[in-house]
Amino acid sequence: MDSTVTTVAEENVWGGGNNKPLGASYGKMMIWFFIVSDSLTFAGFLVAYGFARFKFADSWIIADEVFTHVPFFHGSYPMYYVAFMTFVLIISSVTMVLAVDAGHRMDKKKTTWYMFLTVLGGLVFIGSQAWEWATFIKGDYGALETKGGRIIQFQAADSGERLALKDFAKAIPGERVDHERKNGIWYYEEKALPSYSLNEVIEGAKADPNVVVRVEQLTEKGEKTVLSREDSLKKLDEAVMVVEGANLIHNEYGNRLFADLFFFITGFHGFHVSMGIMLNIIVFFNVLLGTYEKRGHYEMVEKVGLYWHFVDLVWVFVFTFFYLV
Amino acid sequence: MAQEHKLAIFRGRWKFKSNIQKIWGVLILLSLITAVEVVLGIIKPSSLVHSHFLGMKLLNWIFIILTLVKAYYIAWDFMHLRDEKTSLRRIIVWTPVFLISYIIFIMLFEADYIYNILKDSFIAWNF
C-alpha cells in the first residue's frame, strides 16, 4: 500500500509528493492523462471525417484538386506546401526534444535557444495554416450549386482544363446590385454578391460550345465525371446559385462536409498549436529568468515538450487523412 | 524520464552514441518517410491506385501504415516512451489503441451501410 499513500506531507505536495507511481512524477502523469484523452477527441473528429467520406465514397472531393497552391508561385503544385508545413512541424519537434535534452544536462543557454527555435517553428506553421485557410476560403474556379446542394464545375471540352467562371460568363448589364446597409430601410445588409450572377454563368455556358460540366460523381478510375455537351446543358437547369470559395455552408470544391470537417479539424489542431506556442513562450521566459535553474530541474520543459510532440503527432494523422488518402 | 536513455532503434540494429545523435537520426528517418509519402502522393503510381485490399486502395494502406510508423517514432523517441517503464507505456498506448480501433470499426461500418442506402434505396439526395 505504500505506493498509493502519500507519506511525505511536508513541502512539494502540489507536485504530488515524492511518490512516483510507474516512475513518472505527478506532473508528467497528468500531462500523459491529458494527451491520452485529447488523442481520443482528435480520433473522434478524424473518424467523423472517415464517416463522411465512406458515406459519400463515390463523390468525395479529390484533395489534390483543392490544395494546389504554393505562396508566390502560380500554377498547380499539389502537396508541396503542405509537405513543407509538415516538415516545419517535425523540425520544431526536434528543437523541442533538443531543448529537453539540454534541460536534462542543466544547460540553460542551449535550452533557451532551442525553446526560441521551437516557438519560431510553431509560428511559421501557424502562419502557413492561416495562408492555407485563406486560399481555401477564397476559392479557385467558382462553381454552381444545385437545389440538392451538389456542386457543378466547368471545364473545357477540348483541352480538359478546368474553367473559371470568369473565363466564360457573359456580362449581362446591371440587373442586381449589392444591397448595403446604408441603402436599407432596415438595419441589415446582404452578403457580398458573387462576381457573376447565376444567369450570367448559365448564359455564358450556353453560348460557348467548348464548356462542359463536371459533377461530383467519381468515375471508375476515381476521377470526376465529365458530362457531354447535351447533358451539361440539361444539368445547368438544376443550378440555383453561384458558389465562389468555401465556407461552412457552401463549398465550390465539392461536398460541403469536406469544408466543414477541414475547418473544424485543422482549426482545432491550429488552436492546439497556438496554445502550444503560448506555453512554449512562457517556458522560454522561465528558462531565461532561471526559474528552473533555481528549482533544480527542467522537468517543465519536458512536460510542455510532451504536449508539443503530441500536436506534431496529431498533424501527422491530419496530413495523411486530409491530403494523402 | 529515467535518467538513462535507450540509444538504439530498430530493435537494437541502429545504435547511437548519444541522445542528441539519436534525435537527429530519428529526424532523418521521419523526413525520409514524409518524403516517400509526398512523392507517392504526387506520382500516384497506377498499380497502387487501382489495386485494392480490404476495400481500400493499396496506396492508401501504404500511407496509413507509414503514418503509424511515424507516430511510433514520434511517441517512442521524441516523447521518450522508450525510456518509460513498460507498464506506463502500455497504459498510455493500449488504451487509445483499443478505443480508437473500436470507434473506427463501428463508424466506418455504419457509414458504408448508409452509403449503400443512398445508392440502392429510393432516396433522392443527388439532385
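For helix packing I take axes as lines fitted to C-alpha atoms over the stretch in contact, with angles from 0 to 180 degrees between N-to-C directions. The model I am reading is a predicted one.

**Entry: a helix pair in chain A.** I looked up helix α3 (residues 80-104) of chain A and helix α4 (residues 108-138) of chain A. Their axes are 8 Å apart, and the packing angle is about 160 degrees. Angles over 145 degrees count as roughly antiparallel, and α3(A) and α4(A) are therefore roughly antiparallel to each other. I noted the crossing of α3(A) past α4(A) as left-handed.

**Entry: residues in that contact.** I then listed who meets whom. From α3(A) the contact includes M85(A), V88(A), L89(A), I91(A) and G103(A). On the α4(A) side I found, among others, K110(A), Y114(A), L117(A), G121(A), G122(A) and F125(A). Sorted by class, the contact of these helices holds 13 nonpolar, eight polar and one charged residues.

**Entry: chain B.** I counted four helices and four strands in chain B. Read from the N terminus, the order of elements in chain B is β-β-α-α-β-β-α-α. The radius of gyration of chain B is 20 Å, well over the 14 Å that the globule rule gives for 127 residues, so chain B is more spread out than a compact globule. I also noted the span of its C-alpha trace along the principal axes, about 65 × 35 × 25 Å for chain B.

Conventions
Residues numbered from 1 in each chain as written. Chains lettered and ligands numbered in written order. Predicted model: local features only at pLDDT ≥ 70, side-chain atom pairs only at ≥ 80, totals over all residues. Helix = DSSP H or I, 4+ residues; strand = E, 2+ residues; numbered from the N terminus. Parallel < 35°, antiparallel > 145°, perpendicular 65-115°, else oblique. Left-handed = near helix turned anticlockwise from the far one by under 90°. Contact = placed C-beta atoms within 7 Å. Nonpolar A, V, L, I, M, F, W, Y, C, P; charged D, E, K, R; others polar. Rg over C-alpha atoms; globule rule 2.2 N^0.38 Å.
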